Amino acid sequence: VSGDRHTRQAQGQPQRVDPLPEAKLDERRIPRTDDGPSAEAAPHAGLSPDGDSERARRAELLDQVGAAMGAASSLGARLQSLASVVLPRLGDLCVLELYRAEGPAERWVLYPYDHPPRELPTSLQVDPARELDEGPVKLLAGTERPAILATAAGPHDPPKGTQHILDALKVTASFSARLWSQRKLVGVLTLGSTQTGWRYGHEEVLLGEGLAARVAQALDSAHLYKDAQDQLRVRDEFLTIAAHELRTPTSTLRLLLQSMQYQLQTSALTPAIVERLQRTLAKSVQQCDRLVQFGERVLDVSQIRTGTLTLRTREIDLAELVKQVVNHLEGRLVHAGCTLEVNADAPVLGRWDQVRMEEVLITLLDNVIKYAAGSPVRVEVTGTSRAARLLVRDSGSGIPPGQEERIFEPFERAASVDRGGGWGLGLYVCRRVVEAHGGSIHVERAPGGGAAFVIELPRGGDQHDSGAAQSTTAV
Amino acid sequence: MKTILVIDDEFGIVDVLSELLEEEGYRVLTAANGQQGLERVAEVRPNLVILDVMMPVLDGLGMLRKLHSDPAHRDLEVIVMSAAPPPKGQQEVLSNISGFLRKPFDLQDLLKMVRLLLKSDEPRGG
């Protein structure tokens, strides 16, 4: 790994990070009066507790770290900047251990330019979750920043994963500072020295903690940047899908209008033609309704995202609603080759938002048309004294294992975009609407394959008996 | 009577096209995806297929590939209609088709194509 500079990743393949120009390194060195650790009989990390000037120097170094890390974009470049500011001033290496929501901890060994440590053993991975379990970490509530009351190791001792690296590199002195972000432990920064007799004192510990706070901040801003990029990507994806979804009803509408135009140009207005025109007009209105529904759904998403989704509840019969929606979609279901079995004979009354529950059912049946074409479909409404249960079950290919929750996330779908169908928001809106009613929706594997969507809805009588025609629920 | 198979998962499109083409004097059959389409082609051997691209189960391009690999149907006339421009890297599968229409398309353009391909110049009742 001779090509590596400043940083080296302890797990997997070492990551190459381009070196900073040396001139820049020099600019980032802290002005100092002594000749460095070797000038003292007992080498010290270069800072002595001599009051105001040390505090100023500390502040200056922290500012340099903040500025240097903030200017870099990638994590590697940020850590490289960190290394060039703090090393060899505060030791001859620095180990940064970063915890992630998933996967093993990532460990970086930072070292001064032209002074790489000896080779690292390749098997230095330690599961951070297990390690935290082993060493009891307690958080002190009520302070701005969580403090560690006790760990198996002391608060300035390295975690086990880092300790393996320190041992392998023959580090004789070290201290660690925890990185906190949003009250979560996101990593540990360890400074170390291989020089005999090097020690870290109170000043270095203070500096190290300040350093850890700056590093945590820099990592935070890197995450925020990535989140913002992800959000933009999601929005672009949404626009692509939305454009496609708009094109479908508009294409149909355009054909319907053109067909009427064609009829009027080529045929006399016989009663048969008039009847035909009326039918085509009715179909045109249906396509307009789909466009309106699309607009409503976009608005729903916006309201869900801003927490202002409003339900207009009144007493309705869910069984009747199901029959109406099924009737409305019958043509499309038949075209998709779905044979339909509806079990909604007994009325199931409750206080719900009729328009939104229609949307929910339309979404579920739309999914059947798209993903379970040609399969028998069963729609069932049943009720207990407290809740209603709505089942939509098909015999299609079902939801791939492991995707049962993902399909309810915005812009997710089990099938890929180019297989058509779905616009990635339907089930997301369904879940939020159902939850706004105090209910739940989930998908199960239907017996013999296929997907079974189950909605449980509280009847809502107790909450809404005041007779108010409208109630508002923020999600 | 010439037979046309209209394949689209969007019922509205299939509905309006079937009605119009029937009035033009053709026999019209429909399918909701490429898989159903292949079954229909094998059953009825249509003179022309009007095929959507983005469909569940088996999409239009997938169906075209299967048609082209089958000597019995390789020369079948196919008009492809799509809400998106022809996808990059798929030119090969589209090179053997008889026509391409970007949705939303003009009804007259479709009718012209159909008449040309099926050589029926009579505007209606043929």
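Predicted model: local features only at pLDDT ≥ 70, side-chain atom pairs only at ≥ 80, totals over all residues.
**Exercise 1.** Work out the strand order of the open sheet in chain B, and find which strands form its edges.

Solution. Begin with the order: five strands of chain B line up as β2-β1-β3-β4-β5, with parallel pairing. Next, look at the ends, where β2 (27-31) and β5 (99-102) of chain B each pair on one side only, so to speak the edge strands. On average, neighbouring strands in this sheet are turned by 20° against each other, direction ignored. Now zoom in on one pair: β3 (residues 48-52) and β4 (residues 77-82) of chain B are joined by five bridges, and B:Ile50 has B:Ile79 in β4(B) as its bridge partner.

**Exercise 2.** Find the partners of strand β9 (residues 377-383) of chain A, and say in which sense each one pairs.

Solution. Take β7 (residues 340-343) of chain A to start with: four bridges link β7(A) to β9(A) in the parallel sense, and A:Val342 has A:Val379 as its bridge partner. Then turn to β10 (residues 387-393) of chain A, which pairs with β9(A) in the antiparallel sense over six bridges. Here A:Val379 stands opposite A:Val392, and a hairpin of three residues connects β9(A) to β10(A). As for cover, five of the seven residues of β9(A) are buried.

**Exercise 3.** Is A:Leu269 buried or exposed?

Solution. Locate A:Leu269 in the loop between α6 (202-266) and α7 (271-306) of chain A. Its relative accessible area is 57%, so A:Leu269 is exposed. Together with A:Leu264 and A:Val274, A:Leu269 makes a nonpolar surface patch of about 270 Å².

Technical notes. Residues numbered from 1 in each chain as written. Chains lettered and ligands numbered in written order. Heavy atoms only, no water. Patch = residues over 30% accessible without salt bridge, like charges linked within 9 Å, V, L, I, M, F, W, Y side chains within 5 Å. Areas by Shrake-Rupley, 256 points an atom, 1.4 Å probe, with all protein chains shown as cover. Salt bridge = Lys/Arg side-chain N within 4 Å of Asp/Glu carboxyl O. Helix = DSSP H or I, 4+ residues; strand = E, 2+ residues; numbered from the N terminus. Buried < 20%, exposed > 50% of the residue type's maximum accessible area, 1.4 Å probe, protein only. Pairing = 2+ DSSP bridges. Axes fitted to C-alpha atoms, helices over the stretch in contact; angles between N-to-C directions.
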